[in-house]
Amino acid sequence: MTAFDHRHFQQVRWTIYGILILAYMLVFFHRMAPGSVSGELTEAFGTSAAALGSLAAMYYYIYTAMQIPSGVLADTLGARWAVMTGSLVAGVGSILFGLADTFTMASVGRFLVGLGVSTVFVGLMKSNSVWFSERQYGSISGLTLLLGNAGAIAATGPLALVLDHYDWRSVFVALGVFSILLAVATWLKVYNKPEDAGFPSVREMEGKSAHAARDQHWVKDLRAVFANRKLWPGAVYDFGITGSFFGFVGLWAVPLLRDLHALDRSAASLYPTLATVAFAIGCLVAGMYSDRVGRRRPVLIGGAAAYLVVCLGLWLLPWGPGPLAMALFMALGLSAGCFVVAYAHAKEVTAPALAGMGIALVNTGLFLGAALFQPIFGWIMDLILAASGDTDYGFAAYQGGLVLLCGFATLALAASLLLHETHCRNIHVKHD
């Protein structure tokens, strides 16, 4: 390529990445926002803890179910269709959620949001796999999660500040309109792969042969992905570590700080905000460090071990608002951020043409974990409340939920010990 062509390639690549990242920021925002509006949702729809957990988890139910179809869509029709369609559906769902006057309508809106955004991440990661070099994949994955988490950060402290001035319904309607605009931008500016924009593949730019394309029906490809035993530990890993992190920080952290430590929403939102910022930094650092040392397994094992220690601290230590709580929440996010390396691992133990399906399988574990964690946490609290005869959720109720958090963390650590080391190279490709 000429120098001019290379500059044009960079412009096209980063334009595509920028559009998809904006869509991904909305994915994170919708994932974490229920924690900041939990009080408004309870007041608007008269929900119990279990019902609130189910409403928040509606996103995760459909998101989980759609991960494999999203992988198939990304590997067959490409990221353009996956993200465009998803952004459009999510936009409609967000508007419906904001306008809902019944719990049922709010659940339908939350369902549509989950359905729409479920295609965005896998489509983005598939796009990254063809627009960026293999040796950069851990780093670009970390950058992706760092930027995506800006949406999660916006859904904590910043959203709490916005809600002091604007109604929560207006916020979700506005986000729905923005999501629809992103769908239009995706259709106009996103290409599935460099060849579609008139460039050679990234591997050909590096003087290597292009990866083989899919050569059989996607059903057979999907069977091959499910039969790949090297993928499953990563799915269980994400189930335990990130599923519980999203489930706790995205819904139950603010109520815990409000009910046990008498913090108002703005003050309580500081702690999940710190956790989310640390999580974003952890993703970037873990991805870059893994690429630098050329290993995946030690980073994932170390992250799971640290995450378990922090969860035990939240459960057992006599912490309250202040420096110790801040340190615990930041450590929780930082250690959970190591999960991003599981996506690079999934890509490297899967045939390159099936990267979308492989990443989708691992991602299914994450969202299945969150979908189960949020309502089970609320269910445990309701059980303890009923047994105690109290009228408000107290220390014992939240302690029961924190035991669940520790259980999920233990599962992640066990799964990390079963991961296959790839040395940051695809094991299905012959290397010189």
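Student: Where does E421 sit, buried or exposed, and how do I read that?
Tutor: E421 has a relative accessible area of 15%, so it counts as buried. The cut-off you need here is that buried means under 20% relative accessible area. Keep in mind that this is a predicted model.

Student: OK. Which residue does E421 form a salt bridge with?
Tutor: Start with the general idea: side chains of opposite charge can pair when their charged atoms come close. Here the partner of E421 is R295, and the closest N and O atoms of the two are 3.2 Å apart. The pair ties distant parts of the chain together: R295 is in the loop between α13 and α14 (297-316), while E421 is in the segment after α18 (395-416), 126 residues apart. R295 has 34% relative accessibility, so this one counts as partly exposed.

Student: How many salt bridges does the structure hold?
Tutor: There are six salt bridges in the structure. One of them joins D75 and K126, with the closest N and O atoms 2.9 Å apart. That pair also links distant parts of the chain, with D75 in helix α3 (residues 49-76) and K126 in helix α6, 51 residues apart. Both D75 and K126 are buried.

Student: What about D196: which residue does it pair with?
Tutor: D196 forms a salt bridge with K193, and their closest N and O atoms are 3.1 Å apart. D196 counts as partly exposed because its relative accessibility is 39%. K193, with a relative accessible area of 35%, is partly exposed.

Student: Which residues are linked in a network of salt bridges?
Tutor: D291, R296 and E348 are linked that way.

Student: Let's go back to that segment after α18. Which residues does H420 touch?
Tutor: H420 lies in that segment. To read its surroundings, skip residues up to four places away in sequence, and you find that H420 touches K230, H345, V349 and I427. For a view along the chain, compare H420 with A346: they are 74 residues apart in sequence, yet 9.9 Å apart in space, C-alpha to C-alpha. H420 has 31% relative accessibility, so it counts as partly exposed.

Student: Can we try that reading on another residue? What does D259 touch?
Tutor: D259 lies in helix α12 (residues 232-261). Leaving out residues up to four places away in sequence, D259 touches Y393 and Y398. With Y398 there is also a polar contact between the side chains, at 2.6 Å. Now look at F395: it is 136 residues from D259 along the chain, and their C-alpha atoms are separated by 8.6 Å. D259 counts as partly exposed because its relative accessibility is 31%.

Student: And T119, is that one buried or exposed?
Tutor: T119 counts as buried, because its relative accessibility is 6%. T119 lies in the loop between α5 (103-117) and α6 (120-131). Its side chain reaches the backbone oxygen of G116 at 3.2 Å. Setting aside neighbours within four places in sequence, the contacts of T119 are M66, S70, L73, A82, V83 and G86.

Student: Which residues form a nonpolar patch on the surface?
Tutor: They are V277, I281, V285, Y289, V293 and L334, and together they have about 500 Å² of accessible area. Helix α13 (residues 265-293) supplies the largest share of the patch, five residues. V277 has its place in that helix, α13. V277 counts as partly exposed because its relative accessibility is 31%.

Student: Last one, stepping back: which domains does the protein have?
Tutor: The domain assignment gives domain 1 (12-206) and domain 2 (225-426). Their C-alpha centres lie 19 Å apart. Where they meet, 50 residues of domain 1 are in contact with 50 residues of domain 2.

Key: Residues numbered from 1 in each chain as written. Predicted model: local features only at pLDDT ≥ 70, side-chain atom pairs only at ≥ 80, totals over all residues. Heavy atoms only, no water. Patch = residues over 30% accessible without salt bridge, like charges linked within 9 Å, V, L, I, M, F, W, Y side chains within 5 Å. Areas by Shrake-Rupley, 256 points an atom, 1.4 Å probe, with all protein chains shown as cover. Salt bridge = Lys/Arg side-chain N within 4 Å of Asp/Glu carboxyl O. Helix = DSSP H or I, 4+ residues; strand = E, 2+ residues; numbered from the N terminus. Buried < 20%, exposed > 50% of the residue type's maximum accessible area, 1.4 Å probe, protein only. Polar contact = N/O pair within 3.5 Å; in protein donor to acceptor, adjacent residues only side chain to side chain. Contact = heavy atoms within 4.5 Å. Domains from an automatic or database assignment.
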